[in-house]
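The entries follow the order in which I looked things up.

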Amino acid sequence: MAGTDKGDNEVDSKSSKPPSSACGEQVQQGDLTNGNSPADSNVIDSALSGIQGCSTQKSVTPGCSSLEGELGAACTSQIQTCKDSDSASFRPRSPDHSPNTEDVDFKVIFSKSKYDITFPLDDTVAQLKEHLEMITGVPRTTQKLMIKGLAKDSATLREQGFTKGCKVMLVGSKLDDILSVSTPSKEELEDKSGSNAKEPLSKQKIHQKVLDKGIPDDVMPGILNTKEALPPYPLSGMLNKYGGKVRLTFKLELDQVWIGTKEQTQKLSMNSIRSVVSEPIEGHAEYHILGIQLGPTEASRYWVYWVPVQYIDAIKETIMGSWIM
């Protein structure tokens, strides 16, 4: 009989033990239950909602029927959900976000890198730039997002045409690159200030000899009083200072502009370009003379003639950034 009593005591002590750690971290049952009745499901929801950025979907580990097991397994499931979201560049939810917010998945291409982004469709481009600054290191003030043209900060992603799987080009410079650009010397500043007093470009002999050849037959149409985004194809039909045909190709994914002629194609990093200047051609205001400065002085400018006026602003913004202009 003594042996039987000992066995009964062992059974009773085992049955009174809390669930094993396999069911999640132990929780004081007295905090979550009243007597022997199960805890209100609202208590569990409240506990789960404390995990920032996670939904309150619960999953119970098979074989764990106790309250502690349900809460522990659910929390483990939610933490894993958070980790999966972080790996996809997901933007953490703020408390005022509705759970019904519609997100969109797309790719952002910067230089030679690609980023998978998930972001609310009804957030603005400015908010997206803040998010991309943390990911890419490109200050939001230097960012330009290209999707069917230049995206406006005040517009929402939905208004700008963001769709699932679309590709967005990010053009900009990291802060280290900006700081590494050498400041102009005193001679360069004097040279630049003196250029303001010079006669118009169209009147200078170096340019007149090209303009005297007349408008090229295959030049792209120039449209006055209009600003357009860069087209997805090269700007062609223009001339260089030798009177040869030249085209400009903007490789936003590489942060480069390609200057192509019949003989060769020169690939320039946009960060290496010091300035971009332009002036209307006298008598043909729908076209400009464009100068891309590659070195420290004006003598290093690469001149392009008969550039359609509607693309001038887009060229300057793409190469130099609107923050510089």
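Which residues of α5 are buried? I worked on a predicted model, in which local features need pLDDT of at least 70, side-chain atom pairs count only at pLDDT 80 or more, and totals for chains, interfaces and linings use all residues. Residues are numbered from 1 along each chain as its sequence is written, and side-chain values use heavy atoms, without hydrogens and water.

**Entry 1: the helix.** I found Val-125, Leu-128, Lys-129, His-131, Leu-132 and Thr-136 to be the buried residues of α5 (buried: under 20% relative accessible area, 1.4 Å probe, protein chains only). They lie on the same side of α5, because they cover an arc of only 165 degrees around the axis (the arc of directions from the helix axis to the C-beta atoms). Helices are DSSP runs of H or I with at least four residues, strands runs of E with at least two, numbered from the N terminus. Just after α5, I noted a positive phi of about 85 degrees at Gly-137.

**Entry 2: the packing.** I listed β1 (103-110), β2 (113-120), β3 (144-146) and β4 (167-171) as the strands against which the buried residues of α5 pack (contact: heavy atoms within 4.5 Å).

**Entry 3: the sheet.** I read the strand order as β2-β1-β4-β3, an open sheet of 4 strands with mixed pairing (two strands pair if DSSP finds at least two bridges between them). The edge strands are β2 and β3, each pairing on one side only. Antiparallel β1 and β2 are joined by 8 bridges, whereas β1 and β4 pair in the parallel sense over 3 bridges. I recorded Met-169 in β4 as the bridge partner of Ile-109.

Technical notes
Buried means under 20% relative accessible area, exposed over 50%, partly exposed in between (1.4 Å probe, protein chains only).
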